[in-house]
Structure formats: C-alpha cells, structure tokens
Amino acid sequence: MNQHLTIVDHPLVQHKLTGMRDETTSTHHFRQLMREASQLLAYEITRNLAMTTRCITTPMQVMDAPVVAGKKMALISILRAGNGLLDGVLDLVPAARVGFVGLYRDEATLRPVKYYFKVPNNLEERLVIAVDPMLATGNSSVAAIDMLKEAGATNIRFLCLLAAPEGVARMKEAHPDVPIVTASLDECLNEHGYIVPGLGDAGDRMFGTR
Ligand code: URA
C-alpha cells in the first residue's frame, strides 16, 4: 500500500459504523456489526496483495488463473479489543496465523507495558496485519508495532475501525512505513483519551463489560 491512511468510505462500512456508534445498540448486535465491518475492512487492506497464477482446468479448457502469491500472513490482535476484529478478518483469510499483543498502561509512567506477547514464527517472511478497533492516542499501537518490528516484522499494516487525528499523527511519526486502514477519521480525543464522536469503549461495548 502506498498511502499512509486509507479511509474506507464504502456505504456498507459507514452504515455498520453508525450502528456501532449508536449507544442503544446491544452488545450482541455491536459484536455482529464489528465482525461484518472487519470483513469489509479486511477486503480493503488486502486489496493490493501480490498475485500469481495457477494452471487449472475448467470444464471448458486449461487456463492460468489468478491466485494470491504470498500465502504467509500473520494477524496480530492488540488485546483485548483487537479480538473483535479478528474473526471477521479470518473469515476472509482463514489460513492466516494469529498472534496476540497485550499491553497495559503504567499509571506512574503512563507508558504501555507488555504483559503478553505471542506471535507466529518467521514474522520477517509474513505480511503482518495488526488489528485494534480504536487508534486513539496511538501509544499502544506504536508500542505494539515496535514489538512486532523487534520480533522481525518488516511488512506491517494496521487495521482499525476508528482513528483520531492524534493517533494517526503519532503513528505516522513513529512508523511511517505502516499503512493504516480505517472506516473513519473522527474529530479528536477528549480529555480522557476517548475518540469523539467515537463509539465509547470498544472492549466494553463488544464484551458487555463496564
Ligand atoms: N479506546 C476505546 O475503546 N475507545 C476510545 O474512544 C479510545 C480508546
């Protein structure tokens, strides 16, 4: 991908996003919409995958038919909200390997601290798609991508549902080589670091916690 930020303005994505933003949407429906939206975002983030051909025989004739060239892909969920995007992406790329990055914020230093890191091997040979629904301050996304690069990843893309300008700027500064695909670039962050107008706490909305 050659654009740093891609906003997917497809009507179905925008329609589903509005359902997710609506505070009256139930947990069950929110999760379902998240899965559907992530399928459409996955379609966009994989749009320019390298292709090759495979010789097949149709009922009519032999042909060299297009197939995706590099089968090695790793999906990395940034816990816990990233898990909401995982299944929808896996619906489209079921052969992908899956990894998890868990981070919490140290309240003294305000810096993200790793508590869990388990990723597929040979990351350097894979297209790595890191998923987290909300790109807010960008602190955890930048830290997660730092860790993926330390683990060998060189070809990384970032998939989110909503982005704040602050998070996009932070990612662009720290990781200009990582393209971002999102459904919306919202207005700003509020004083608590939530995206406005946003959809609230994505993890709470999808898992029914508070
Ligand atoms: N994380 C969320 O879940 N929501 C926000 O608005 C920002 C970060």
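Trainee: Where is the place of glutamine 32?

Mentor: Glutamine 32 sits in helix α2. Helices here are DSSP runs of H or I with at least four residues, strands are runs of E with at least two, and both are numbered from the N terminus. One caution: this is a predicted model, where local features need pLDDT of at least 70, side-chain atom pairs count only at pLDDT 80 or more, and totals for chains, interfaces and linings use all residues. Residues are numbered from 1 along each chain as its sequence is written, and side-chain values use heavy atoms, leaving out hydrogens and water.

Trainee: Why does glutamine 32 count as partly exposed?

Mentor: Its relative accessibility is 37%. Buried means under 20% relative accessible area, exposed means over 50%, and partly exposed lies in between (1.4 Å probe, protein chains only). So glutamine 32 is partly exposed.

Trainee: What makes threonine 6 buried?

Mentor: Threonine 6 has a relative accessible area of 13%, so it is buried. This residue is found in strand β1, residues 5–7. Leaving aside residues up to four places away in sequence, threonine 6 touches Met1, Glu44, Ile180, Val181 and Thr182. Contact means heavy atoms within 4.5 Å.

Trainee: Why are α2 and α3 called oblique to each other?

Mentor: The axes of α2 (residues 27–45) and α3 (residues 83–92) cross at roughly 50 degrees and come within 7 Å. Angles under 35 degrees count as roughly parallel, over 145 as roughly antiparallel, 65 to 115 as roughly perpendicular, and the rest as oblique. Therefore α2 and α3 are oblique.

Trainee: Which residues of α2 and α3 meet?

Mentor: Met34, Arg35, Ser38, Gln39, Ala42 and Tyr43 in α2 meet Gly84, Leu85, Asp87, Gly88, Val89, Asp91 and Leu92 in α3.

Trainee: And why are α4 and α5 roughly parallel?

Mentor: Helix α4 (residues 139–150) packs with α5 at an angle of about 25 degrees, their axes 9 Å apart. That angle therefore makes α4 and α5 roughly parallel to each other. Asn139, Ser141, Val142 and Ile145 of α4 make the contact with Arg170, Met171 and Ala174 of α5.

Trainee: Which residues in α5 are buried?

Mentor: In α5, residues 165–174, the buried ones include Gly167, Val168 and Met171.

Trainee: How do you know that they lie on the same side of α5?

Mentor: They cover an arc of only 100 degrees around the axis, so they are on the same side of α5. The arc is taken from the directions from the helix axis to the C-beta atoms.

Technical notes
Axes are lines fitted to C-alpha atoms, for helices over the stretch in contact, and angles run from 0 to 180 degrees between N-to-C directions.
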